[in-house]
Amino acid sequence: QGLFCADGQLYETTGQVGESELRRVNLTTGAVLQRRAVPAPYFGEGSVALGGRLYQLTWKNGKAFTYDLATFAPRDTFAYFGEGWGLTTDGTVLYMSDGTARLRVLDPRTFAVQRTIDVRDGASPVSQLNELEWYKGEILANLWQSEQIARIDPKTGAVVGWIDLTGILPPSERTGREDVLNGIAWDQPNDRLYVTGKWWPTLFQIELVRR
């Protein structure tokens, strides 16, 4: 549900009620190095790290949780309206998606909405915005149930380009269990961009090429 890199480590949050977890994962082997269960009735969603804390959304519960990034010890709980889908940061504020064409810009101290961003490709709203990642001054957002990632200008909401990942996971590796593209992580110090999806057995490192 959520994927990000911090200090050379890969972190992910998983979903499903009674199965949701926070995880720190070895980027080379895929081994889970650290984990914390998220109890029912919460369905874990997007996540990101900022200021030594891990922020995590929940799907329909209207609650966000924060944890100490090093220990996964619980810290604060915040309330928000609507659904929680994706979460990212520019290092100062948080950006949140809720499945619509509108992103929220949040104060990380209070979770208060500072402003909203209406995302459009030309004149057309782009809805189903899901997992988010801050990447070189842009917001990357995968579109739910597609293998396309929108490149969004965070100031205007304009889609400035698309990343087409059609067919990246071969049919032989698909399970049929809602295995859609749903993970983007940028390892900024090493400039490595990773993608994966729900129930995918593989994390892919990709390089962007203009067409």
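1. Two strands are taken as paired if DSSP finds at least two bridges between them. In this predicted model, strand 17 (residues 148-152) and strand 18 meet that condition, since they pair in the antiparallel sense over five bridges. One of the residues concerned is I152, whose bridge partner in strand 18 is V159.

2. Turning to the aromatic side chains, the count of aromatic pairs comes to 10. Among them is the pair of Y42 and F65, with 4.9 Å from centre to centre and 85° between the planes; because planes over 60 degrees apart count as edge-to-face, this pair is placed in the edge-to-face class. Y42 lies in the loop between strand 4 (32-37) and strand 5 (44-50), whereas F65 lies in strand 7 (residues 63-68), and the pair therefore ties together parts that are 23 residues apart in sequence. Both Y42 and F65 are buried.

3. Ring pairs also link F4, Y11 and F72 into a cluster. Two charged side chains lie over ring faces: K60 is placed over the face of W59, at 4.4 Å from the ring centre, and R104 is placed over the face of F81, at 3.9 Å from the ring centre.

4. What volume does the largest pocket have? The space in the largest pocket comes to about 680 Å³. The lining of this pocket consists of 28 residues, and those closest to the pocket centre are E12, T14, R23, G197 and W200.

5. Which elements give two or more residues to the lining of the largest pocket? They are strand 1 (2-6), strand 2 (9-13) and strand 3 (21-25), together with strand 19 (181-187) and strand 20 (192-197). The largest share of the lining, three residues, comes from strand 2.

Note on methods: Residues are numbered from 1 along each chain as its sequence is written. This is a predicted model: local features need pLDDT of at least 70, side-chain atom pairs count only at pLDDT 80 or more; totals for chains, interfaces and linings use all residues. Side-chain values use heavy atoms; hydrogens and water are left out. Rings of Phe, Tyr and Trp (its six-membered ring) pair if their centres lie within 6.5 Å; planes under 30 degrees apart count as stacked, over 60 as edge-to-face and the rest as tilted. Helices (H or I, at least four residues) and strands (E, at least two) are DSSP runs, numbered from the N terminus. Buried means under 20% relative accessible area, exposed over 50%, partly exposed in between (1.4 Å probe, protein chains only). A charge sits over a ring if NZ of Lys or CZ of Arg is within 6 Å of the ring centre and within 35 degrees of the ring normal. On a 1 Å grid over the protein atoms alone, a cavity is a set of points where a 1.4 Å probe fits but cannot get out, and a pocket is an open set with protein on both sides within 12 Å along at least five of seven lines; lining residues have an atom within 4 Å of a point. Grid points are joined across faces, edges and corners, and a volume is the space filled by probe spheres set on the points.
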